[in-house]
Amino acid sequence: MDRKRRKKLNTHIKTSLVNQLGVIFFGLILGLTACQVDQRVDVNNQTEKVKPILKKTDIGLGTVVTLTLYNARPADSDECFKLLQTIENKLSFHQSGSAINQINQLAGRQSVIVDEEVYSLIKQAYDYSSLTEGHFNMSLGPITELWKIGTEQAKVPKDEIIKRKLALTDYQLITFNEERKSVFLEKEGMAVDLGGIAKGYASQKLRTLLSKKGIESALIYLGGNIEAIGSKPDGQPFKIGIKNPLAEGYFGILSLKNQSVVTSGPYERFFIDNGVRYHHIFDSQTGYPVVNELVSVSIIATDTTKADALSTAVYSMGLAEGLRFLDKQSAIEYIIVTQDKTVYCSKEIKQYFEIVEKGFKFNEEE
Amino acid sequence: MAIAVGLFLYNCHYFQESDKRQLVIYYQGRVYATYPLTENRQIIFEEKRVKHQISVYDEQVSMLEANCFDKLCVRTPGISQVGQSIICLPHRLILTIEDDEQERKQRIPREKAPNQPLIDGLAE
């Protein structure tokens, strides 16, 4: 192994020498070769060099983010991660000093003036909460804080505490002052948590940033959410696997152009206590994880923030109510999977989606 | 003509032979260390209470052990292609494979589960 490599290296040096002599000779005759000019630029300006494919993974918004940018500079991806940091500083639930944290700290006591961006996002969250009749609930903070699912301290809380905290999760007790751009939570102990839409929102902000930079083709992976900017450089759609909710890998492939897909399911974050599995999507009515026949809900839309809110909401609604709800929405496509591996999807999406895993089947009755 | 052939060979050689893939370890948002992928080694990562055991073997990087609570990083399959990563979210530790080659055509890293067709990304 080692000898082989050394041999490879030796031949590398030899051929390099021979070829470099060639290059120099060529350079002497013609002045500068394009190759040499290129190298000079690169040495001085490493982060400004345009790369055909640039893939960068880092942690942002408390989750894994992978950017695949086509014809972009390393500086572009750096800026994306900086943007994610500023969004996190504003929207973080736990970070003291974030706008959201201030609102929650002063719940029941004082309204908090926030910047326009945060204000309009909180309003948006409120709209999704009413649109879904609380299935997406922006004020579920007291419950998620209690369970701490996805952290080391996850535990099943006492039933009486859950009941007490439930009284603090009514999103209708959030009041807005349009003129002052202020937000007030009427009861002490209430807490807004934008965790359900922050990723979608951040993804849309990245899209805006990248378009400003002139990047026409990119794929954003943000903690499980996918946002396609344009198509692949050759014009082909991105092939996006939809996570198999019951095993490793994916059960189907979606062809995606210039749209987002957000998937929710009980497999994302959970813990097991006394043989019972508790996942992170809570029922607003009971304060316990949602129990129904669904194992995965994917929403495909151009509005990633909305897709983020609706994937959680529809999961919480269950199959019948979820399908009824989705039928009334415009510009929203869906792929829903039930425990028995039946796949329900909107008519328009069928031509872009194929099942690749054995056992999964499209719903026949329609 | 000979020069053109020479240049062509040089380029071919440049694209195919030289392997500058390296393991880059990011910790708490900063580059912590880099290692070439072509040298086998075991790496013990230890910072305060954070402990990881990483291996580079046969040009593949794996997380052997970790003292994080979810052990998701240990369950992540080994990586060898540019752009692939193993991530420990609780510890903010990222192992990623980078390639500082200048003009090289990057291999397109794609997610793949056993016996499944290639995809560009995974919605989960």
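The model is predicted. Chain A has 366 residues, and 51% of them are buried. Its secondary structure comes to 11 helices and 17 strands.

**Chain A overall**

- Chain A exposes about 17,900 Å². Carbon and sulfur atoms supply 51% of that area.
- Take the contacts in chain A between residues at least 6 apart in sequence: 57% of these join residues at least 24 apart.

**Strand 8 and its two partners**

- Strand 8 of chain A spans residues 238-243. Five of its six residues are buried, which leaves the strand mostly covered.
- Within chain A, strand 8 pairs with strand 9, residues 250-256. The pairing is antiparallel and runs over six bridges.
- One of the paired positions is A:I242, whose bridge partner in strand 9 of chain A is A:G252.
- Strand 8 and strand 9 of chain A form a hairpin, with six residues between them. In the turn, A:G249 has a positive phi of about 80 degrees.
- Strand 8 of chain A also pairs with strand 8 of chain B, residues 121-123. Here the sense is parallel, over three bridges.
- Across the two chains, A:G241 has B:L122 as its bridge partner.

- Helix 3 (residues 74-91) and helix 8 (residues 195-212) of chain A pack at an angle of about 145 degrees. Their axes lie 10 Å apart.
- The crossing of helix 3 and helix 8 of chain A is right-handed.
- Helix 3 of chain A brings A:E79, A:C80, A:L83, A:L84, A:I87 and A:L91 to the contact. Helix 8 of chain A meets them with residues including A:A198, A:Y201, A:K205 and A:L209.
- By class, this contact between helix 3 and helix 8 of chain A has 11 nonpolar, no polar and two charged residues.

**A three-strand sheet**

- Three strands of chain A form an open sheet in the order 3-5-4, with antiparallel pairing.
- Strand 3 (112-113) and strand 4 (174-177) of chain A stand at the edges. Each has a single partner strand, so one side of each lacks a neighbour in the sheet.
- Strand 3 of chain A is joined by two bridges to strand 5 of chain A, residues 182-185, and the two run antiparallel. A:I113 stands opposite A:S182 of strand 5.
- Helix 5 of chain A, residues 116-131, packs on this sheet and touches strand 4 and strand 5 of chain A. The direction of helix 5 makes about 140 degrees with that of strand 4 of chain A.

Key: Residues numbered from 1 in each chain as written. Chains lettered and ligands numbered in written order. Predicted model: local features only at pLDDT ≥ 70, side-chain atom pairs only at ≥ 80, totals over all residues. Heavy atoms only, no water. Buried < 20%, exposed > 50% of the residue type's maximum accessible area, 1.4 Å probe, protein only. Helix = DSSP H or I, 4+ residues; strand = E, 2+ residues; numbered from the N terminus. Pairing = 2+ DSSP bridges. Contact = heavy atoms within 4.5 Å. Areas by Shrake-Rupley, 256 points an atom, 1.4 Å probe, with all protein chains shown as cover. Axes fitted to C-alpha atoms, helices over the stretch in contact; angles between N-to-C directions. Left-handed = near helix turned anticlockwise from the far one by under 90°. Nonpolar A, V, L, I, M, F, W, Y, C, P; charged D, E, K, R; others polar.
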